[in-house]
Amino acid sequence: MPTKIHLYDTTLRDGAQSEDVNLSATDKVRIARQLDYLGMDYIEGGWPGANPVETEFFKAMREVELKNAKLAAFGSTHHPARTPETDPTLNALVSCGAQVATIFGKSCPRHVEVALGISRERNLEIIGDSVAFLKKHLTEVFFDAEHFFDGFKRDAEYALSVLQAAHEHGADCLILCDTNGGTMPEETGSIIKTVKERLPGAVLGIHAHNDCELAVANSLAAVMNGAVQVQGTVNGIGERCGNANLCSVIPNLQLKMGGFSCLSEISLTRLKSTAAFVSEVSNLAPFRRQPFVGNSAFAHKGGVHVSAIMKDSALYEHMAPSLVGNAQRVLMTEQGGKSNILSLSRTLGFELEKGDPVLDVLSAAVKKTPPWGMTTWPPRPVRNCSSCAICRTRR
């Protein structure tokens with residue numbers, strides 16, 4: 001029986017912190033519906049009360065019936081000068097209508113002493129009290145151990161004591177965060193393994209940022225060593241360089257690694273359409289070369305490649321594109337060969353054979369050298385400006 005990996009999508013919160021993403025409350029509701037349709041286990045909606053958009057979103061979501069996912073709200077541990085009962089953030093988490101609360105707390109001693117300006121002991125009290133308060137009102141509470149991997153490397157015992165405090169006070173999952181995105185996969189795997197040994201009863205998750213282009217690799221390493229929740233975003237959008245891209249994490253876990261289950265087979269075929277939907281609603285140009293779900297992920301241009309895939313697509317494709325809702329594409333360019341033309345003709349319903357003389361004519365037309373020695377075709381329109389060197393050359 002495959003191990004179920006719980007997918008925690010933070011596109012609407014961490015993803016919305018991407019420099020070029022600005023979502024309205026209506027946008028967020030539309031994306032939440034699509035994520036639920038895909039089959040996400042948890043959808044993190046944002047920080048209740050942080051701004052009017054978040055307030056409107058959580059209000060609107062009260063009228064939305066999610067079929068697969070649970071709505072999660074995000075916030076911090078209570079302010080050091082307050083108690084959990086008087087803290088606005090914790091009370092907003094309880095009253096916003098979400099089924100799950102996820103709070104972050106400092107697990108790196110330098111952040112505790114410099115960013116918060118409190119003692120290590122007080123930080124542990126705040127974490128434990130915040131989790132215990134939320135558990136009185138909600139069925140599930142997750143604890144994001146912010147800067148955990150940096151904190152572990154700085155002071156392993158203190159980082160572990162932070163997790164212990166949250167665990168003992170009822171946290172349902174301890175999510176280890178590579179907040180700065182600088183951890184290597186081998187470090188991630190080793191540290192996760194150590195945490196599992198020290199806290200054998202704890203449920204672990206991973207939240208990786210992509211500053212070193214390793215968020216997906218770190219997420220996979222975490223799962224291989226015992227994490228059962230993966231946090232990430234659709235298309236990898238997020239703060240700075242982004243978050244772990246769930247469009248890559250999911251098929252890697254389910255189709256490549258074996259032994260793990262994320263989505264049903266039919267839900268997995270909705271992955272490409274979900275990636276495109278999120279890009280469209282976020283007003284982002286789709287990343288064509290994105291693995292698995294990009295338009296170029298299974299596109300073939302070179303004639304040698306096309307000749308091979310016409311015999312067996314596995315010769316130049318690592319998996320069947322239909323598994324994630326994608327499709328094979330054969331491109332027609334001067335770098336292609338007769339195989340490209342044959343493939344396209346069959347797709348369009350024409351019966352051409354290898355020795356057909358029309359192939360020579362079509363191939364010559366495709367490979368025809370553009371006029372004027374230009375490297376692009378068709379040519380850019382000529383502008384009427386006397387100061388432009390390009391225009392003076394072409395007139």
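I count two strands as paired if DSSP finds at least two bridges between them. By that rule S2 pairs with strand S9 (residues 229-232), in the parallel sense and over four bridges. The model I am reading is a predicted one.

**Barrel**

I followed the strands around. Eight of them close into a barrel, in the order S2-S3-S4-S5-S6-S7-S8-S9, with parallel pairing. On average, neighbouring strands of this sheet are turned by 25° against each other, direction ignored.

I then looked up single pairings. For Ser-76 I noted Phe-104 in S5 as the bridge partner.

**Helices against the strands**

I checked two helices. Helix H1 (residues 25-38) lies across strand S2 (6-9) and strand S3 (42-46), and runs at about 170° to S3. Helix H3 (residues 88-95) lies across S4 and S5, at about 175° to S4.

**Salt bridges**

I searched the whole structure and got 13 salt bridges. I wrote down some of them.

Lys-4 bridges to Asp-41, with the closest N and O atoms 3.2 Å apart. This pair links distant parts of the chain, since Lys-4 is in strand S1 (residues 3-4) and Asp-41 is in the loop between H1 and S3, 37 residues apart. Lys-4 is partly exposed at 31% relative accessibility, while Asp-41 is buried at 16%.

Glu-54 bridges to Lys-28, and I read 2.3 Å between the closest N and O atoms. Glu-54 lies in helix H2 (residues 52-61) and Lys-28 in helix H1, so the pair ties together parts that are 26 residues apart in sequence. Both Glu-54 and Lys-28 are buried.

Arg-120 bridges to Glu-113, the closest N and O atoms being 3.0 Å apart. Arg-120 has a relative accessible area of 27% and is partly exposed. Glu-113, at 44%, is also partly exposed.

I also found a network of salt bridges linking Arg-13, Asp-14 and Glu-44.

**Surface patch**

Val-304, Leu-315 and Tyr-316 make it, and its area is about 310 Å². Val-304 sits in helix H13 (residues 303-311).

Methods. Residues are numbered from 1 along each chain as its sequence is written. This is a predicted model: local features need pLDDT of at least 70, side-chain atom pairs count only at pLDDT 80 or more; totals for chains, interfaces and linings use all residues. Side-chain values use heavy atoms; hydrogens and water are left out. Patches are made of residues with over 30% relative accessible area and no salt bridge: like charges are joined within 9 Å, nonpolar side chains (Val, Leu, Ile, Met, Phe, Trp, Tyr) within 5 Å. Accessible areas come from the Shrake-Rupley method with a 1.4 Å probe; for residues, only the protein chains shown count as cover. A salt bridge is a side-chain nitrogen of Lys or Arg within 4 Å of a carboxyl oxygen of Asp or Glu. Axes are lines fitted to C-alpha atoms, for helices over the stretch in contact, and angles run from 0 to 180 degrees between N-to-C directions. Contact means heavy atoms within 4.5 Å. Buried means under 20% relative accessible area, exposed over 50%, partly exposed in between (1.4 Å probe, protein chains only).
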